Amino acid sequence: MNTTTDNAMTTSVPTPAETEMPLHDTDVAIIGAGPAGAVAAAMLARAGHRIIVIEATHFPRFSIGESLLPQCLMDLEMAGLAEVVSGAGYQMKNGARFVRGDERVNINFQDKSSEGTGQAWQVERADFDQRLIEAACERGAEVRFGQRVMAFDRHPEIPTLTIRDEQDHCWQLRARFVLDASGLAQVLGRLENTLEETHLTPRQALFTHLSLTPEACREHGFDRTKIQIGLHPQANVWYWVIPFANGRASAGFVGAPDELSRLAPPDADAPQRFQACLEAFGELDDWLDPATPHREVAALGGYSRNVTTLTGPGYAILGNAGEFLDPIFSSGVTIAVRSACLAVPLVRAQLEGQVVDWQKDFEHPLRHGIDTFRAFVDAWYDGRLPAIIFHPEPPAYLRRMISAVLAGYAWDDNNPFVSQPRRHLNTLAQLCGHAA
């Protein structure tokens, strides 16, 4: 993920004449080459605009967020990038399987109330992100890797970035508009001092890549077409298992530190804690081979993010650079791609001299879908959503509405669980026996 200096200021940067920094011009500068930045770059470059993407890391690079949602595929198709994914040989995904002890519940994304595809993919992000940014380059975007944004001079017409390369050389990039797609680094949020505390409980994720056992599918009922989400019967800790096409799987555990400590010693290192969590879920021993790790176990905590505003003079913030909720329901890439698809037409309109209402046409609709996901995240951790999912006889029409949201259709206001998610989740959870 991108990072930036904590002491960077938002005051106007010196002119190139004063600092002897080279100055470059572009139509749109994009910070970050992940899914949000790559999709925006591809769409804008295809429309004939000059695009420069600034990326702090070098690709390919590892990232979690490996289970895509059907809504994401619909937006990639709208962006003209569907073939980038469909021809990659990824593992097909058609839903989610929820596990709690001996209980098993399948959510079929094709059995949903919203229109659109019911299919998605499980992807290794190093490959997926590489393919997207290569597609952007093929459409004419320029990407500069290993470069970090150090300062930002906001301006409604000519915002300017100050950038440092890996040789500690600084240069300036003057654009007609800036898009921040820097992910959890939140470059402009930090530089503009708009970071905001999230109301979500701080949680930690422990994760790695393992091999699936040869018997997983043949003898133990593992369904490769679904993400597996398991909830511990006593501790508020859950796991994900995301199967890939190559016989490997992403596996991770998520919980608040005090809940994780009920399964794993808090003073142990990340691999030891991961192993303790693995042993706490009996079915994982049938599915995963811990003797064949393909990555070191990593820990990520305090990952929830937010900013006070997604727009400002000469810029907009995309995807996780604006807000990230939680790994549950795999919403991160979907929100990232949706944000790019919402922003690009407005950027084009602004470059053509039209007056754009970024609050009305970008921030409000984007946050509407994020708020839907947030309501489901809250309901997952406080027990309302598990009560709904594991109910033995859910009405079919309600199941299809829940399935639509879990498939990523969080902007479909024809679904009551989108238009008023908290109200309908509360009511349904009570009907399913969950105490308020």
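What we have here is a predicted model.

Start with α2, residues 35–46, and α11, residues 332–351. These two helices pack at an angle of about 30°, and their axes are 8 Å apart. That angle is under 35 degrees, so α2 and α11 are roughly parallel to each other. The crossing of α2 past α11 is right-handed. On the α2 side, the contact uses Pro-35, Ala-36, Val-39, Ala-40, Met-43 and Leu-44. On the α11 side, the residues include Val-333, Ala-336, Val-337, Ala-340, Val-344 and Arg-348. By type, the contact residues come to 13 nonpolar, one polar and one charged.

Now the other partner of α11. Helix α12 covers residues 358–381, and its axis comes within 10 Å of the α11 axis, with a crossing of roughly 175°. Angles over 145 degrees count as roughly antiparallel, so α11 is roughly antiparallel to α12. From α11, the contact takes in Ile-335, Arg-338, Leu-342 and Leu-346, among others. From α12, the contributors are Trp-358, Asp-361, Phe-362, Leu-366, Ile-370 and Phe-373. The contact of α11 with α12 has 10 nonpolar residues, two polar and two charged. Ser-339 and Val-347 of α11 are listed in the contact with α2 and also in the contact with α12.

Next, pockets. The largest pocket has a volume of about 800 Å³. Its lining has 44 residues, and those nearest the centre are Ser-63, Ile-64, Gly-65, Arg-125 and Asn-320. Both α2 and α11 come back here: each supplies at least two lining residues, as do β12, β13 and β16. The lining of the largest pocket divides into 25 nonpolar, 14 polar and five charged residues.

The second largest pocket has a volume of about 170 Å³. Strand β5 and helices α13 and α14 each give at least two residues to its lining. Among the lining residues are Val-105, Ile-107, His-391, Pro-394, Pro-395 and Arg-399. By type, the lining of this second pocket holds nine nonpolar residues, two polar and one charged.

Last, the cavities. How many cavities of 30 Å³ or more are there? The count is three. The largest cavity holds about 60 Å³ of space. Leu-69, Lys-93, Phe-98, Phe-109, Phe-329 and Leu-406 are among the residues that line this cavity. Strands β4 and β12 each give two or more residues to the lining. That lining is made up of eight nonpolar residues, one polar and one charged.

Methods:
Residues are numbered from 1 along each chain as its sequence is written. This is a predicted model: local features need pLDDT of at least 70, side-chain atom pairs count only at pLDDT 80 or more; totals for chains, interfaces and linings use all residues. Side-chain values use heavy atoms; hydrogens and water are left out. Axes are lines fitted to C-alpha atoms, for helices over the stretch in contact, and angles run from 0 to 180 degrees between N-to-C directions. Helices (H or I, at least four residues) and strands (E, at least two) are DSSP runs, numbered from the N terminus. Angles under 35 degrees count as roughly parallel, over 145 as roughly antiparallel, 65 to 115 as roughly perpendicular and the rest as oblique. A crossing is left-handed if the near helix is turned anticlockwise from the far one by less than a right angle, and right-handed if clockwise. Contact means heavy atoms within 4.5 Å. Ala, Val, Leu, Ile, Met, Phe, Trp, Tyr, Cys and Pro count as nonpolar, Asp, Glu, Lys and Arg as charged, and the others, Gly among them, as polar. On a 1 Å grid over the protein atoms alone, a cavity is a set of points where a 1.4 Å probe fits but cannot get out, and a pocket is an open set with protein on both sides within 12 Å along at least five of seven lines; lining residues have an atom within 4 Å of a point. Grid points are joined across faces, edges and corners, and a volume is the space filled by probe spheres set on the points.
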